[in-house]
Amino acid sequence: MSFTRLILCIAGVYSMFLLWAIAQERLSVPFESIDGTSTDKFKSPLFMGTCQSFLSSISALCYILLRRKPGETMAVSLGLVHKEPSPLKNEKPPHSHTKRHKHTVNGYHEPNGTTQHVAKPDHRYSTRHLILRYLQCSIFITSAAPFGFAALSYISYPAMVLGKSCKLVPVMIMNVLLYRRKFASHKYLVVFMVTTGITVFMGLGGDSKKTKVQQGGQTPLANMIGITYLLINLALDGAVNSTQDEIFTRHKVTGQQMMFWINLFCTSISSLLSILPLPYIPVIHPSTDGRTELAGALAFVRSHPSVIVPLAQFAFTGALGQLFIFETLQHFGSLTLVTITLTRKLFTMLLSVVVYKHKLTVGQWLGAAIVFAGISVEAFVKRREVHAKRVIQEKEKARIKSL
């Protein structure tokens, strides 16, 4: 079941965000005005984020309501109140001499784990703490996107992609720094192999367009500003993923419940920023025409109606893709999720090689081989862990029957 769920999550993330990337690329090019006299770019990334987060919260709420159990209160359905399951008939009460052991949650070690038959409610964290964690993620997400867009004004797109390919590193660093989390030893090897492989693949490509962009005459100061914005974006992304892991570890919530609350807060924050008459703020509010972002976005939509279809596609595919993202986060952790999202880009490139008969350099084939080797290590260890868990469960069932 775990392997089947992982395959479904990978397929969902790949398909939805491939369409999402197509819509995002369309939104980055100029649109023709309704009178056909001019073409302009859509310069409201905050409005784009608001549309996507609003639709994502609606889709998460619909999923929660469809899976809602009879007689369940709305607070329980939304994850604000945890309802402890009733003990099983054959379940023995916990004894003082119950053996405690180390187990793995979302790819890292929890030192204070207990055997599965010990059901002890955890009251260390309140609903208020959970809401604050959701709000923390939302602030990080809303802040990270403008820095990513701003970085593209100073560095080339290939440099941006190359930096994003190393996202596994800040995710792991933030997990260690913010929450003192220790990962399984093979996770460090997988992170190193995947990051190295993608870096080699992107860096040793023979793309002439890439060379032209890199030789476009960017000054050292502009490159430094762009790299700084990119590092801030990566650090905030790492803080988001590590905080989401912390929520799943400390609170009994589902991926869809987290998706609903985080996107609800993101919608509220971005909507507030969109309607406030903010002054010129570098990165956060770069507009200088004196209008609010919402007014500018609506005026653009009225004068360029062709933007509606890609904007709807961007929001819709992003919302559906997030269902698979949070399902992956809940069951496999942030490192597995980031590995999936990063390798999606590599697999897309390899697919284009097959379809359009492109030629890869020797360095790119080497990078692809390193990535596949890293994924193979993860799959091998995961398979061994699942097998060991089944053996333990069978022994536990045999012990209960013998009592």
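**Cysteines, rings and a helix pair**

Student: Cys137, buried or exposed?
Tutor: Cys137 counts as buried, with 0% relative accessibility. Buried means under 20% relative accessible area, exposed means over 50%, and partly exposed is in between, using a 1.4 Å probe and protein chains only. Bear in mind that this is a predicted model, where local features need pLDDT of at least 70 and side-chain atom pairs count only at pLDDT 80 or more, while totals for chains, interfaces and linings use all residues. Residues are numbered from 1 along each chain as its sequence is written, and side-chain values use heavy atoms, leaving out hydrogens and water.

Student: Switching to rings. How many aromatic pairs?
Tutor: Nine. Rings of Phe, Tyr and Trp (its six-membered ring) pair if their centres lie within 6.5 Å; planes under 30 degrees apart are stacked, over 60 edge-to-face, and the rest tilted. One of the pairs is Tyr134 with Trp261, stacked at 6.5 Å centre to centre with 10° between the planes.

Student: Where do those two sit in the chain?
Tutor: They're 127 residues apart: Tyr134 is in helix 4 (residues 127-151) and Trp261 in helix 10 (residues 255-275). Helices (H or I, at least four residues) and strands (E, at least two) are DSSP runs numbered from the N terminus. Both Tyr134 and Trp261 are buried.

Student: What does Trp261 do with Phe265?
Tutor: They form a tilted pair, 6.2 Å centre to centre and 35° between the planes. The two are four residues apart in helix 10, so about one helical turn separates them. Phe265 is buried too, at 18% relative accessible area.

Student: Last topic: how do helix 1 and helix 12 cross?
Tutor: Helix 1 (residues 2-27) and helix 12 (residues 308-332) have axes that come within 8 Å and cross at roughly 155°. Therefore helix 1 is roughly antiparallel to helix 12. Angles under 35 degrees count as roughly parallel, over 145 as roughly antiparallel, 65 to 115 as roughly perpendicular, and the rest as oblique. Axes are lines fitted to C-alpha atoms, for helices over the stretch in contact, with angles from 0 to 180 degrees between N-to-C directions.
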